[in-house]
Amino acid sequence: MQTIQELVDKYTNGKDVPTLDDLFDHVSIHGTTQEKELVADTYISEFGQCHYDYMCGKLNELEWIWDMMDWIEKIELLSPDFNQSNFYRGHVYEMLSSISKEQEDKIKFNNLCIDHLRKQQEINDEDVSLLIDLAQNLFRSCRLTQDYQTQIFDDIKSLFLKALHLERKEEHQSTFFGFNGSAISGFLNISYEFLALAFNNSTTIYNEFIAAFKKAITPYTEQDPSIYYHWAETLFRITTWVDYPKIETCRISQEVVNDIWKEIKVVLSQATNIQSSDEHFLTSIGHLFDKVAQKETSYSYYEVSYNYYSKALEINGETWSNPYYASNALRMMAFIHLKNKAHNESVKLFKQGLQIFEDAQKKINDFQLSVYHGDYLYDYSKYLENFSNRNTLLEAKKQFEDSRILGKDFYTHPYYGLAKTTLRLGDKEACLKILKTCGALFSNEYHTHDFNEIIDDMDFDEVKKEIINIIANIK
C-alpha cells in the first residue's frame with residue numbers, strides 16, 4: 001500500500017491519484033499526526049499556488065476562490081496549531097472583493113478581509129506582509145466607498161511606517177531577494193495613488209506620506225545603500241501608470257510622471273557605486289540604470305549600468321546573461337559616441353564588448369551567448385564598417401550557425417541572423433533558402449510562421465516581397 005507521502009508526491013507532480021480532498025478524508029480519520037501535517041502542508045502549498053495564479057490574472061472564478069476557504073477549514077482540522085487562519089481568510093476575501101461584479105459585494109468582502117487581517121494582527125503585530133496587506137486593503141476600502149477620512153490615512157501611514165522599520169531588521173536582510181523592499185514599494189505606491197485619485201486634499205495627503213517615508217527610510221540608507229535601488233525601482237514602475245493604470249479608476253498625469261523622473265535621478269545619484277557581492281543585485285541595479293539610460297539617452301547612466309554588469313560578470317562569467325548585459329551597455333555607449341561623430345571612441349567600446357564575448361565563449365558553449373555574439377558582430381559590421389569587412393560578417397555567420405546547432409533548431413533568432421548575414425555577404429538565394437527552411441520548420445498544421453519579427457526590418461528590405469511569398473506558399 002502506498003504511503004501518504006507517496007500519494008502527496010504524486011498529487012504534487014500531477015499524477016493520476018486520489019484528489020487532495022480524498023487524502024484529507026483518509027488522514028482525518030485514520031492518519032497519524034505526521035500524515036495530517038503533511039496533507040495540511042500540501043493544502044498550504046496549493047493555496048499559495050492558487051493565490052499566485054490569481055495575482056497573475058489566471059484565477060478569476062468565484063467558485064474556485066470559495067474552494068480555498070474550504071481548504072483553510074481543513075488545514076485547521078488537520079493542524080490544530082495552525083495560527084495563520086485569519087491571514088489566509090483575509091486573502092480569500094480580498095480575492096472575492098476584487099472578482100465580484102456588484103459594488104455591494106466588493107465592499108462587503110473588503111470589510112471581511114480587513115476584519116480577518118485585524119484579527120491576525122492581534123496574534124502577530126510584527127509580520128511585514130500582514131501590515132502591508134492591511135494597509136493596502138484599508139486604502140482599497142477608501143476607494144470602494146469614496147470615503148477619504150484623515151483618520152483612515154493616519155492608520156494606513158502608521159501601518160506602513162511599522163512595516164518599514166520592521167523590514168530593516170537584520171532577520172529580513174539575509175539576501176537581496178530575502179529583502180525585496182516590499183514595504184518601500186507599498187509605501188510609495190500608496191502615496192502616488194493619492195495623486196492618481198485626485199480627491200479633496202489628495203496632494204496634501206501625498207506630501208504628508210512622502211515626508212513621512214523619507215524621514216523614516218533615510219537613516220537606514222547609509223548602512224544599506226541598496227535601499228536606493230528599491231526606492232528608485234519603485235518610482236520607475238510608478239511612471240508606467242500613465243499608460244497602464246495600477247488602480248481601477250484613473251491614471252497619474254504626465255506632469256506627475258515628469259516630477260517622478262526628476263526624483264528618480266536624485267535617488268539614483270546616491271546609488272552609482274554600491275558595493276555588493278550578490279550577482280543578482282548587481283544585475284538588477286544594472287538593469288535599472290540601463291532603463292533610465294534608455295529614457296535619458298545618457299552615456300553616464302549606461303556607464304554606471306556597465307560598471308554593475310561588469311562586477312556581476314567578475315562573480316559569474318559562466319553564463320550567457322552577464323556577458324550580454326555588459327557588452328550591450330558598451331554597445332549603447334558606442335552608439336552615443338557614433339551619434340556625436342566620435343568614431344574612434346565608438347570602435348574602442350565595440351571592440352571591448354567583442355572581447356567580453358570571446359572571453360565568455362572560452363568558458364561556456366551556450367546558444368544565447370552565440371546568437372548575441374552574432375548580433376554584436378553584425379552591428380559592428382553595419383555601423384562601424386558599413387558591411388565592408390567580409391571577415392566580420394563571416395564570423396557573425398559562424399556564431400549564428402553555432403547558436404542554431406546549440407539551440408537544436410528550437411529558436412528562430414539564429415535563422416534570422418544567418419539569413420541577414422548571408423544576404424550581406426551577397427548571396428540572396430542562400431538567404432531565401434534559410435528563410436524558407438525557417439518558415440517550414442516553425443509552421444505546423446495549426447500555425448503558419450508569419451515572420452512578424454523581421455517583416456518590416458530594414459535589413460531584410462531587399463527580400464521583403466520574397467518573404468511575403470514564402471508565407472503564402474507555406475499556407
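This is a predicted model: local features need pLDDT of at least 70, side-chain atom pairs count only at pLDDT 80 or more; totals for chains, interfaces and linings use all residues.
Aromatic contacts were examined next. The model contains 41 aromatic pairs. One of them joins Phe 410 and Tyr 411, whose ring centres lie 6.4 Å apart. The planes of these two rings meet at 80°, and the pair is therefore edge-to-face, since an angle over 60 degrees places a pair in that class. Elsewhere in the chain, a single aromatic cluster is formed by Phe 139, Tyr 148, Phe 153, Phe 160, Phe 187, Phe 194, Phe 199, Phe 209, Phe 213, Tyr 228 and Trp 231.

Lysine side chains also meet aromatic rings. Lys 295 places its charged end over the ring of Trp 261, at 4.7 Å from the ring centre. A further case involves Tyr 378, over whose face Lys 420 lies, with a distance of 4.3 Å to the centre of the ring.

Helix α2 spans residues 20-30, and its buried residues are Leu 20, Leu 23, Phe 24 and Val 27. Around the helix axis these residues cover an arc of only 105°, which means that they fall on the same side of α2.

Note on methods. Residues are numbered from 1 along each chain as its sequence is written. Side-chain values use heavy atoms; hydrogens and water are left out. Rings of Phe, Tyr and Trp (its six-membered ring) pair if their centres lie within 6.5 Å; planes under 30 degrees apart count as stacked, over 60 as edge-to-face and the rest as tilted. A charge sits over a ring if NZ of Lys or CZ of Arg is within 6 Å of the ring centre and within 35 degrees of the ring normal. Buried means under 20% relative accessible area, exposed over 50%, partly exposed in between (1.4 Å probe, protein chains only). Helices (H or I, at least four residues) and strands (E, at least two) are DSSP runs, numbered from the N terminus. The arc is that of the directions from the helix axis to the C-beta atoms.
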